[in-house]
Amino acid sequence: MTRSSCVIVGASAAGVSAAVRMRRLDYPGTITLVDADPRLPYERPPLSKALLDAETAGLVPIQPAETYRDLDIDLRLGARAVEVDPARLTVRLGDGDVLKSGRLVLATGVRPRKLTVKGADAANVLSLRDAADAGRIGAHLGRGGPLVIVGGGFIGLELAAVAVDRGIEVTVVEAQPHPLAHVLGPDVAALVTGLHREHGVRLLSGVTVAEFLGPAGRVDEIRLSDGRRLPAAAVVVGVGVEPRHELARSARIDTDDHGIPVNEFGQTSRAWIYATGDVASQFHPDLPRRGRIEHWDAALRHGAAVGSTLAGEPVRYTDPPYAWSDQYGATLQLVGRARPTDELVLREGAAPGRFLAFWLRHGRIGAVAGMGASREIGVVKRLMAAGVPIGSEQLARSGTNLRTLLKARPTLPGSRRANQQIGEL
């Protein structure tokens with residue numbers, strides 16, 4: 001009998017997580033993990049939190065090299081998957097090799113969105129997605145500033161903090177009225193941006209880049225939409241991402257603006273092809289509609305759920321999305337997704353370096369964000385999982401013991417719990 005086979009394209013958090021989970025649940029077939037990056041699969045979050053001084057220095061492996069060997073996972077690194085043949089169930093690589101694939105997992109992720117204004121292709125206009133990008137940015141920062149960051153999202157603000165710590169002058173240009181407002185809302189976002197202003201970051205909101213100016217192939221000045229000009233030794237653009245779904249289209253499976261639509265088990269419009277991680281367009285309890293969840297923790301968990309399903313133990317990924325961001329020695333944590341109809345509750349004493357914010361939904365915590373509040377966030381996660389009813393007055397008081405609230409309330413029937421099947425990766 002022919003041995004079953006699975007090809008996973010993308011040695012990302014989701015792809016590695018799927019492969020490891022499959023093998024630890026005794027998937028009997030071959031598992032081949034393909035990625036164009038030649039490096040041992042590495043964690044992406046540290047890239048913006050502590051920039052590399054060289055392309056390979058300081059990388060944190062997702063799994064030790066021996067794990068892939070011990071679990072009989074075939075790593076095909078430095079190999080680019082270029083085409084899927086849905087009739088033959090094969091994946092063709094850029095070097096001409098063809099892989100048999102009874103099951104295919106697309107963990108191809110996303111790419112940074114590019115600006116289309118004049119000068120955007122200059123050598124010192126950079127973006128951050130992988131280790132090579134981090135190495136280039138680190139090299140430019142080593143030459144000094146000023147640095148202009150276009151886009152005030154998590155990556156942009158993390159890079160701003162790293163640059164400021166290196167003594168570099170930083171300006172952040174954000175098209176929206178408040179950086180991070182689409183994630184945290186204006187009130188909480190103002191606390192985060194207040195921390196950056198305290199450290200000397202210049203934040204310009206409600207403006208965009210009109211053009212990059214300078215000699216051929218290099219930028220030394222930026223003209224903004226309001227006419228202001230900013231000097232720049234380097235520019236980092238972080239204005240969102242686009243899904244890498246070219247391979248999906250070669251397989252003739254459905255795609256949408258978010259990426260690759262999947263069902264509750266990660267399955268695409270072709271039964272033998274799955275998608276996971278940032279490229280997956282999915283329904284989720286914390287999303288108002290189908291969309292992407294672009295966080296490291298979510299990629300690990302969604303990948304593990306897909307891997308479990310492929311190993312014969314179907315798992316739905318329903319955990320509240322969790323994200324964190326390190327800035328100036330403090331950690332911003334976010335659990336769940338706030339909705340416009342939620343009631344925002346800021347705990348007493350909120351300040352840029354330390355705060356705790358809750359979003360109440362039907363009398364329960366729907367989402368939480370905290371800066372310098374890791375211990376409290378851990379307790380709130382449990383309150384959310386147990387579906388504990390709670391009032392805004394209790395949450396607002398700084399003296400309220402959250403652990404007491406957890407102990408005082410029994411778990412409600414039907415409340416959402418963390419995936420028990422994920423386990424240790």
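Start by selecting Arg382, which counts as partly exposed because its relative accessibility is 46% (buried means under 20% relative accessible area, exposed over 50%, partly exposed in between, with a 1.4 Å probe and protein chains only). You will find Arg382 in helix α9 (helices are DSSP runs of H or I with at least four residues, numbered from the N terminus).

A word on what is loaded: this is a predicted model, in which local features need pLDDT of at least 70 and side-chain atom pairs count only at pLDDT 80 or more, while totals for chains, interfaces and linings use all residues. Residues are numbered from 1 along each chain as its sequence is written, and side-chain values use heavy atoms, with hydrogens and water left out.

Next, go to Ser398, in the loop between α10 (392–396) and α11 (402–408). Ser398 is partly exposed, because its relative accessibility is 47%. Show Arg347 and Glu348 too: Ser398 touches both, not counting residues up to four places away in sequence (contact means heavy atoms within 4.5 Å). Ser398 and Glu348 lie 50 residues apart in sequence, yet their C-alpha atoms are 5.3 Å apart.

Last stop: Thr309, in helix α8 (residues 296–310). Thr309 counts as buried because its relative accessibility is 14%. Display Phe265, Tyr274, Pro314 and Val315 to see its contacts, leaving aside neighbours within four places in sequence.

Technical notes. Helices (H or I, at least four residues) and strands (E, at least two) are DSSP runs, numbered from the N terminus.
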